[in-house]
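Student: Could we go through this model together, one question at a time, with the criteria behind each term stated as we go?

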Amino acid sequence: MSSFSDLRAKRKTKEVGSFLRAGGTSQFATTNDPISPIADAGSESLVPTETKSVSANSSLYRCLPLSVDIRVNLEDGRGIWAKKAFVAGDILFITKPHVHVLSTRNLELFCSSCTSSAPEGGLKRCTLCRVVWYCSTQCQNNDWSVHKKECDALQRWAAGAPSLDVAIPAEPIRCLGRLLWMKQKKKATSVWAKEIEAMQSHRTSLPPEAVEGHTHLAHAVVRYLGVNAPGELGAFGIQTAADIVDVVSRFTTNSLTLTTPSLTPLGIAVSPPFALINHSCDPNAVVVFPRASNDSRAQEPLMHVVAIRDIAPDEEIFTAYIDTTLPKPLRQIALRTAYNFECKCTLCNNEVPRDDPREAVDCPRSCGGTCPLPTEEDSPLRCIKCKAAVSTRGAIIDALRVGQEGLDKATALQISDTPKALQLTTNLLPILEGAKILPSSHPRLALMRLHQSLLLASFPVTPTQDALDNIVRTTAACVSALTAVLRAGHPIRALACAELGRLLAVDEPAPDVSRGKSVFPPSGPVRLRLAYDTLVQARSELLIGFGARNEGGEVGREVREMVVRIEKELEVWTQRMKDVMQDTPKPKGSKSLGR
Ligand SMILES: [Zn+2]
Ligand SMILES: [Zn+2]
Ligand SMILES: [Zn+2]
Ligand SMILES: [Zn+2]
């Protein structure tokens, strides 16, 4: 049975949530440029036609299997297409990112080379720079060809840093440093370098404030590289100031979040083959780092692109760059700001379905129907099903505003002041509930997920039954809301379900077996049965989201072990029940005692 100290320890290394990750997005989510139809560099000249296949004559992207294809069309530019049928849970391709770095707060907690967490004996630190840590001498050796340059740069940077909190450069600077040293090592003519060059740069199409940010980052990178004269940049294939801004722009719009097998953000990575995949708010594939048992540890981190629904031959493969639990207006803003494009996916293109669970309130007569969330200028609101008029429009609009403000505040405070953040989510959730905003609608869902992770973070060392039941209820509410907006097998949904099963399986401090069946969560053997069913469900979803061949990745394998363990426990219960039944004379009218 997993203890809460385990859960708490896990939580400590995570930004939000245990298996769960509120928001599900980051400023370094993945992208390529789905707008500009012409790829801008590299050895290929990709002239868009209706849909043109380019993989046949390409020497790049050799990690892509024959079952997929790079094609170009006028709408979205380059994309990856299926050449054969895939089923949900199939792995489309596996590749190691060209470059990856841990975020600064994770440097001491994970191996900088294979990104695994500390082994039994702990991680070992590089004694020269004292910044990066490794799980083994093998990992240190594997990393040395690039780290020797990085090591010098880190020492130089620390020596020149005005204060301790800036003694380690931020991860984009470190990632770009590695990218340039690796490019230098592999030579500009290598496939590796050409694949990097072939990623889209937005330098010429970005708004001025973004260009300013890139220029700023470019300056920091030049300083980090220890370049004294502009001419020295030639060694990295950089001839002009525009070149370095191009490198930065290519990096910022194409980097992706490096995660643990349970989607906790670890750092950033750059993967040119992955950058070819276009975005959809209803994606047919996801990117995960599942740590498949057959992958060698030294090869990690390995990125798996997995189908989360069946894909037909000649269908384009899409992943989501942003949190797809958000309603359309917020998705559009997120995509425009970070990636500079207007999404025309199936979910955005259709008139928003009038009953989108991402943006709805309950029927005032509770007929089972819903009404779309009001906006300031809307005409009177009515339930789609029974047409009952909603008279609380003002209260709903207020709740939405207060909820969003509170969500922003609590998100900002979640690590620095967890109790205060928890106080906020605790106070706000009843307001949104009172306004009848659906649990799956924004911002109620986001607040609930944050609330869940905050509860987990502040869970008492010696848990009380109340605290345990409370977190089980909150997690169950998250699972049910996520079920309304994400496909079965979506990794976020699968992990939420696994988390619920895990919590239900935690030993109860004060089981109350007399608790009625209608009370949630139940107690005693009924609860254990529910834990079992939930974990079985979680496992079937993990097998999709993290790859069937991977057995659902590290979490999938963990869940399978729990299922086996609970099965045994349930057998013991059943046996005990049988024994009791045999020893006790049956009261009249009773049929059976549980299972
Ligand atoms: Zn390692
Ligand atoms: Zn070092
Ligand atoms: Zn969309
Ligand atoms: Zn109604």
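Tutor: Buried means under 20% relative accessible area, exposed over 50% and partly exposed in between, with a 1.4 Å probe and protein chains only. This is a predicted model, in which local features need pLDDT of at least 70, side-chain atom pairs count only at pLDDT 80 or more, and totals for chains, interfaces and linings use all residues. Residues are numbered from 1 along each chain as its sequence is written, chains are lettered from A and ligands numbered from 1 in the order in which they are written, and side-chain values use heavy atoms, with hydrogens and water left out.

Student: What percentage of the residues in the protein chain is buried?

Tutor: The protein chain has 595 residues, and its elements are 16 helices and 15 strands, taken as DSSP runs numbered from the N terminus (helices H or I with at least four residues, strands E with at least two). By the accessibility criterion, the buried share of the residues is 53%.

Student: Which residues are the protein donors of the zinc ion (ligand 1)?

Tutor: Donors are N, O and S atoms within 2.8 Å of the metal (3.2 Å for Na, K and Ca), and water is not among the atoms, so sites may look incomplete. Here the SG atoms lie 2.3 to 2.4 Å from the ion, and the spacing along the chain is C-x2-C-x20-C-x3-C. Both Cys111 and Cys114 are buried. The donors are Cys111, Cys114, Cys135 and Cys139.

Student: What is the geometry of the site of the zinc ion (ligand 2)?

Tutor: Its protein donors are Cys126 (SG), Cys129 (SG), His147 (NE2) and Cys151 (SG), at 2.1 to 2.3 Å. Cys129 lies in the loop between β6 (124–125) and β7 (133–134) and His147 in helix α2 (residues 137–160), so this pair ties together parts 18 residues apart in sequence. Four donors count as tetrahedral if all angles lie between 85 and 135 degrees. The angles among the four donor atoms are 106 to 114°, and the site is tetrahedral.

Student: How are α5 and α6 oriented to each other?

Tutor: With axes taken as lines fitted to C-alpha atoms over the stretch in contact, and angles running from 0 to 180 degrees between N-to-C directions, helix α5 (residues 208–225) and helix α6 (residues 241–254) come within 9 Å and cross at roughly 110°. The contact (heavy atoms within 4.5 Å) involves residues including Leu217 and Val222 of α5 and Ile244 and Val248 of α6. Since angles of 65 to 115 degrees count as roughly perpendicular, α5 and α6 are therefore roughly perpendicular.

Definitions and conventions
Four donors count as tetrahedral if all angles lie between 85 and 135 degrees; four count as square planar and six as octahedral if opposite donors are over 155 degrees apart and all others between 65 and 115; anything else is irregular. Angles under 35 degrees count as roughly parallel, over 145 as roughly antiparallel, 65 to 115 as roughly perpendicular and the rest as oblique.
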